[in-house]
Amino acid sequence: LRALIARSPQRVALQKDPSLPGGVAPVLLMTNAQWQQARAQQEESQRRRREEEARARSEANNNNIPAIKPGLPWYYSDPQQNIQGPFRSEEMRQWLEAGYFKGDLPISQEKTGPFLKLSIIFPNLAVAFQPVEDTSAKEAAAAKAKAEAEEAEKRRLLQQEQERIAAEKAA
């Protein structure tokens with residue numbers, strides 16, 4: 001019973017019941033039909049999210065994303081649309097890591113723009129404001145998108161396998 005609860009905490013739980021020996025009773029939180037409906041909704045939501053991400057990546061690849069120019073300073077547009085800068089890449093990186101910047105922050109290496117979202121110029125925020133070696137922002141974005149898609153597919157396949165195993169054990 002504990003193994004079932006561990007595998008399906010959204011469907012079954014233990015509830016305190018002092019009238020029973022051991023003081024706990026299993027409680028069905030979600031019927032099979034409800035669980036299947038929730039799974040279908042979750043899968044549909046994930047499919048839509050993947051499509052939106054793919055569309056955003058495609059738009060980013062189709063836009064003329066300016067190449068990152070090593071050594072040039074950075075500017076950003078604050079929430080009041082004031083241009084801030086110039087700042088070194090190291091400063092921008094520190095502020096990003098400290099949580100001051102989010103992916104929707106408009107940035108540019110030119111004071112007059114164009115200002116694009118941080119997440120468009122750096123789809124992988126883990127490498128934002130770090131020196132780029134012989135690759136354009138488009139190539140980096142394409143490589144990241146491909147790696148993310150492969151990782152998402154691996155997770156999906158692993159989840160399917162885990163569900164199949166759980167279903168076999170439950171049967």
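User: Does phenylalanine 129 count as buried or exposed, and at what relative accessibility?

Analyst: Please keep in mind that this is a predicted model. Phenylalanine 129 is found in the loop between H4 and H5, and a residue is called buried when its relative accessible area is under 20%. The value for phenylalanine 129 falls under that cut-off, so the residue counts as buried, at a relative accessibility of 4%.

User: How is the pair formed by the rings of phenylalanine 122 and phenylalanine 129 classed?

Analyst: Phenylalanine 122 and phenylalanine 129 are both buried. The centres of the two rings are 5.1 Å apart and their planes meet at 55°, so the pair is classed as tilted.

User: How many aromatic pairs are counted, and which kind of pair do tryptophan 74 and phenylalanine 129 form?

Analyst: Rings are taken as a pair when their centres lie within 6.5 Å, and by this rule the count comes to seven aromatic pairs. For tryptophan 74 and phenylalanine 129, the distance from centre to centre is 5.1 Å and the angle between the planes is 85°, which makes the pair edge-to-face.

User: Which parts of the chain does the pair of tryptophan 74 and phenylalanine 129 link, and how many residues apart are they?

Analyst: Tryptophan 74 counts as buried, because its relative accessibility is 2%. This residue belongs to strand S3, while phenylalanine 129 belongs to the loop between helix H4 (118–121) and H5, and the pair thus links distant parts of the chain that are 55 residues apart.

User: In what order do the four strands of the open sheet lie?

Analyst: Strands of a sheet pair through backbone hydrogen bonds, either parallel or antiparallel. In this open sheet the pairing is antiparallel, and the order of the four strands is S4-S3-S5-S6. The edge strands, each of which pairs on one side only, are S4 and strand S6 (116–117).

User: Which helix packs on the sheet, and what angle does its direction make with that of S4?

Analyst: The helix that packs on the sheet is H3 (residues 89–97), which touches S3, S4 and strand S5 (106–108). Compared with the direction of S4, the direction of helix H3 makes an angle of about 120°.

User: Over how many bridges do strands S3 and S4 pair, and in which sense?

Analyst: Within this pairing, tyrosine 76 stands opposite glutamine 84 in S4, and serine 77 stands opposite isoleucine 83 in S4. Strand S3 covers residues 74–77 and strand S4 covers residues 83–87, and the two pair over three bridges in the antiparallel sense.

User: What value does phi of glutamine 81 take?

Analyst: Glutamine 81 is found in the loop between S3 and S4, and the hairpin of these strands has five residues between them. With a relative accessible area of 59%, glutamine 81 is exposed. Its phi is positive, in a residue other than glycine, and the value is near 65°.

User: With which residues is serine 77 in contact, leaving aside its neighbours within four places in sequence?

Analyst: Serine 77 has its place in strand S3, and it counts as buried because its relative accessibility is 10%. With the neighbours within four places in sequence left aside, the residues in contact with serine 77 are Asn82, Ile83, Leu105, Pro106 and Phe115.

User: Which residue is joined to proline 86 by a cis peptide bond?

Analyst: Proline 86 has its place in strand S4. The peptide bond in question has an omega of about 10° and is cis, and the residue that it joins to proline 86 is glycine 85.

User: What separates the C-alpha atoms of glutamine 162 and arginine 7?

Analyst: Glutamine 162 lies in helix H5 (residues 137–170), and a relative accessible area of 48% makes this residue partly exposed. Along the chain, glutamine 162 and arginine 7 are 155 residues apart, yet the separation of their C-alpha atoms is 9.2 Å.

User: Stepping back to the protein chain, what share of its residues count as buried?

Analyst: The protein chain has five helices and six strands, and along the sequence they follow the pattern α-β-β-α-β-β-α-β-β-α-α. Of its 171 residues, the share that count as buried is 22%.

Note on methods: Residues are numbered from 1 along each chain as its sequence is written. This is a predicted model: local features need pLDDT of at least 70, side-chain atom pairs count only at pLDDT 80 or more; totals for chains, interfaces and linings use all residues. Side-chain values use heavy atoms; hydrogens and water are left out. Two strands pair if DSSP finds at least two bridges between them. Buried means under 20% relative accessible area, exposed over 50%, partly exposed in between (1.4 Å probe, protein chains only). Contact means heavy atoms within 4.5 Å. Rings of Phe, Tyr and Trp (its six-membered ring) pair if their centres lie within 6.5 Å; planes under 30 degrees apart count as stacked, over 60 as edge-to-face and the rest as tilted. Axes are lines fitted to C-alpha atoms, for helices over the stretch in contact, and angles run from 0 to 180 degrees between N-to-C directions.
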